[in-house]
Amino acid sequence: MDWDQRLILDHIRYLCESNQIQGTLHTESASQSIGALYIPFVYEQNQKETISRIFNTDGYITFEQAKHHGVSTKRVKECILDAHDKAVVFHECIVHNDVIIEPLKEVVGNSIQTKSFVDLSVHLPNDLLRCSDDIRSIMNEHIMNKLNKAGCLIIDKNESIYFSQTMINNIMESIIPPLVERFGRERAKALVDENNKIIEISQMVKHTKEKATGRSKRRGRKNIKESEDDDDTIKPGIIPLETVVDSIINEYSDLVEVQDSYKNLKGDVSCWSSDESTDYDGPVFELCRIEINKNSRIDQLCSDAVHAELESIIASKKGSTLRDAKIEAKFEENFPLACYHLQLAIKMTIFDQYLNEKQRDVLSNVILQQCASFARRITEYCLFKQDGDAEEVFSFSNRHNSWGEKYFYSQIDSTQHNSMSTFLSCTDSSAKKLDPLQALRNLLPGNIGVAIARMWVLLGGNFYDGGIKINYDNSSFVRPGDLTAFLSHCEESCL
Amino acid sequence: MRVITFVMSRSMVSYPFKILDKKVEKKLMFSRRKEMTENLEQATEIDKIFELSVLLLLQQVYGIAVYGRDIYENHDILIRLFQHKKIPSYVLSLFESVSSALKNGDTVSLEQIKLIKQFGLSKDIRSHQIPTL
């Protein structure tokens with residue numbers, strides 16, 4: 001039997017309108033067929049109650065959830081908005097202002113006051129967190145705007161973290177500056193070590209700064225080409241992102257757990273640019289890339305720090321070079337006089353013929369003492385010529401003279417030719433006291449150490465630590481000095 | 001013929017070890033005497049006057065520079081060195097007594113100090129007249 005569908009639908013519509021059946025009929029006509037849906041009031045009421053119950057219980061409902069219950073987005077909006085005047089509709093959900101937004105606003109306010117962050121996953125349900133665009137809207141339009149505060153919201157499929165602006169400011173003011181300063185120091189030192197010639201470094205710094213400020217480009221087209229072609233500029237580098245992240249995590253220990261969950265997913269953790277990095281390395285990495293790099297131009301900060309440190313090193317090196325040159329000049333001026341007075345002192349041996357054996361020993365010791373002063377002058381000079389702390393390893397008894405200069409470049413006192421006692425030893429800085437002669441051989445390069453040590457040996461055991469040997473029978477043996485050999489060694493052994 | 005200038009190892013001090021020749025020695029001795037004489041003229045303390053006078057006299061009679069406190073503060077050595085034919089006996093006895101006084105911490109008279117200074121400043125101790133105090 002062929003039914004006329006229109007006749008049946010008209011009849012059902014009549015029944016619905018005359019309340020003979022409780023429900024509504026929804027129809028839509030296509031080209032050849034007619035679609036129709038009868039929804040009983042009881043079913044509709046049931047859906048409405050379900051949606052309302054969910055919203056009342058959770059304080060929100062997502063359109064995805066409603067769909068599972070067979071309710072359209074339009075219907076959900078109608079249902080909720082009719083019943084709740086504090087419901088706020090978003091793109092993917094509807095939330096209750098008092099249940100979701102206000103408590104979140106309070107937590108965010110607290111985080112601003114305490115210069116910290118909010119892990120939204122603790123305060124928001126997972127269904128809602130999946131609506132990332134809506135979370136942004138909630139945070140931006142309903143919380144941050146109303147609090148009149150900025151911040152940084154990092155949303156990932158697993159995490160949603162809000163970093164308060166006060167926390168970001170704290171990082172910028174307390175964490176970044178010392179890190180950048182340390183980076184600048186270390187990087188500048190490495191650059192100086194790589195390019196040992198300080199003048200070249202100085203020129204490179206100048207060149208790099210000119211390039212940075214564009215001065216060289218203003219000089220003309222030719223220079224532009226030159227500056228593009230050559231690679232003679234210092235590359236200051238940038239502080240490793242991981243270092244900054246570690247420091248932030250150290251300061252905010254609550255972030256450890258959050259960031260640790262990304263430990264095995266790390267992409268290019270050294271990459272500061274959020275554009276280049278395709279991998280998500282966790283909220284703290286993203287915070288650094290998005291907020292810290294954007295606000296402070298971390299590369300510029302690092303570059304400035306390295307340049308400042310390089311200029312400081314160059315200035316101090318120039319200063320010390322000048323000082324060293326002055327000391328060298330003083331030594332050069334006094335060295336011939338020291339040679340002459342050494343030879344004059346050795347001439348005192350002619351007194352031997354007037355003296356008895358005991359007195360000769362005294363005389364010999366006096367002359368050797370003059371020789372020891374000469375040996376000290378040369379030894380101190382050789383140690384001075386060495387880089388590092390070689391000078392600090394040794395003690396010469398009266399290491400500094402009364403006016404605070406080292407002995408090796410002090411003026412010769414021709415009347416007295418100093419009567420201070422000289423005794424070479426190693427300072428007690430090391431637990432095990434070193435043999436000074438061996439230390440000289442080790443510290444001074446090539447034959448210098450050997451020649452200097454030999455000079456002290458020829459002075460005799462009274463003038464250096466370890467020169468007096470104690471025998472098994474507790475008797476002591478002092479290596480005797482040899483004036484002739486000493487003078488001869490000074491004159492010729494070094495050549 | 002002896003090479004008068006030896007060059008020390010470039011790796012050591014990079015400056016030549018200067019050998020003392022007669023000319024330089026004479027110049028040095030002269031300037032040393034001059035400096036010590038000036039110091040002696042200005043000196044007022046007995047220790048300093050005695051020290052400089054001894055050094056000047058020893059340089060004068062032996063023609064060499066004497067260094068080291070142990071020489072002029074050692075009484076026995078001092079007496080042995082002052083027993084030189086160029087040093088008159090009254091000079092020797094004066095220096096001997098003042099040396100003993102200084103060694104024992106005894107007082108030295110102003111006259112003795114004045115004489116010591118005079119002998120120290122003397123250009124030729126042999127021709128120095130016996131002072132009348």
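Helix H4 (residues 73-83) of chain A buries Val76(A), Cys79(A) and Ile80(A) (buried: 20 or more other C-beta atoms within 10 Å of the residue's own; exposed: 12 or fewer; C-beta atoms placed from the backbone). These residues lie on the same side of H4(A), because they cover an arc of only 85 degrees around the axis, taken from the directions from the helix axis to the C-beta atoms. The face turned away from the buried side carries the exposed Lys74(A) and Asp82(A). Cover for the buried residues includes helix H2 (41-58) and strand E5 (93-96) of chain A. Helices (H or I, at least four residues) and strands (E, at least two) are DSSP runs, numbered from the N terminus.

The model is predicted; local features need pLDDT of at least 70, side-chain atom pairs count only at pLDDT 80 or more, and totals for chains, interfaces and linings use all residues. Residues are numbered from 1 along each chain as its sequence is written, and chains are lettered from A and ligands numbered from 1 in the order in which they are written.

An open sheet of 3 strands in chain A has the order E6-E8-E7, with antiparallel pairing (at least two DSSP bridges between two strands). E6 (117-119) and E7 (151-155) of chain A each have a single partner strand, so one side of each lacks a neighbour in the sheet. E7(A) is joined to E8(A) (residues 160-164) by 5 bridges. Gly151(A) has Ser164(A) as its bridge partner in E8(A).

The contact (C-beta atoms, placed from the backbone, within 7 Å) takes 37 residues from chain A and 31 residues from chain B. On the chain A side, H17(A) gives the most, with 9 residues.

Methods
Contact = placed C-beta atoms within 7 Å.
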